[in-house]
Amino acid sequence: MTRIEAVVNGKKVTKTVDDNRLLVTFLREDLGLTGTHVGCDTTQCGACVVNIDGDTVKSCTSLAAGANGCSITTIEGVAHGERLHRVQEAFHRHHALQCGYCTPGLIITAIDIIEKAQGPLDEATVRQELKGNLCRCTGYQNIVSAILDAAEKYAMSSVSKVA
Ligand code: FES
Ligand code: FES
């Protein structure tokens, strides 16, 4: 068994879990954060992406024990109360989803792409950076448009992490 002390979506969490507990199971079943989805279980689809200490991680193939002492952000943690994160707003504005199954992982990935961009984002870069996130519904065009739109709004703001 492993005792986990972590900050999840800004709240301190303490739990004891089996050593082989997957991070996605810990989030979904132990913490009830079911916005993080499981699409493949094999690190291919990106439905399970969460942010740990500033980097994106596929939680379906990560151990919960590895998150001990870390700060984790899931899709439940990106909005500010009733106010959507600007990447969520952009997805809404551009109709960048159909079934929505891939969307939580895509939003977490998109925020990471935008925040780590060293300069203006272009379509080719966004498509390259999305290679770990599979969407079976949309054909990606609206997702890419939403990310480029949100990136532009980030660039116009001096505050990078404000929703
Ligand atoms: S469920 Fe983790 S990458 Fe598909
Ligand atoms: S919107 Fe359905 S899988 Fe992406």
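Predicted model: local features only at pLDDT ≥ 70, side-chain atom pairs only at ≥ 80, totals over all residues.

Reader: Which domains does the chain have?

Author: Domain bounds come from an automatic or database domain assignment. Here that gives domain 1 (1–75) and domain 2 (84–158). Their centres, taken over C-alpha atoms, are 22 Å apart.

Reader: What area do domain 1 and domain 2 bury between them?

Author: About 1,200 Å², with 56% of it on carbon and sulfur atoms. On the domain 1 side, the residues losing the most area to domain 2 are His-37, Cys-45 and Ile-75, together 38% of what that side buries.

Reader: How many salt bridges are there between domain 1 and domain 2?

Author: A salt bridge is a side-chain nitrogen of Lys or Arg within 4 Å of a carboxyl oxygen of Asp or Glu. The count between the two domains is one. Look at Asp-55 and Lys-116, whose side chains meet in a salt bridge at 2.4 Å, N to O.

Reader: Which strands supply residues to the side of domain 1 that touches domain 2?

Author: Strands (E, at least two residues) are DSSP runs, numbered from the N terminus. Strand E3 (49–52) and strand E4 (55–58) each supply at least two residues of that side.

Reader: How do E3 and E4 run?

Author: Two strands pair if DSSP finds at least two bridges between them. E3 and E4 run antiparallel, joined by four bridges; Asn-51, for instance, has Thr-56 in E4 as its bridge partner. Their hairpin has two residues between the strands, and Asp-53 takes a positive phi near 50 degrees.

Reader: What about E1 and E2, in which sense do they pair?

Author: Strand E1 (residues 2–8) and strand E2 (residues 11–17) pair in the antiparallel sense over seven bridges. Arg-3 has Thr-16 in E2 as its bridge partner. In the turn of this hairpin, Asn-9 has a positive phi of about 50 degrees.

Notes
Residues numbered from 1 in each chain as written. Chains lettered and ligands numbered in written order. Heavy atoms only, no water. Buried area = accessible area lost by both parts, 1.4 Å probe.
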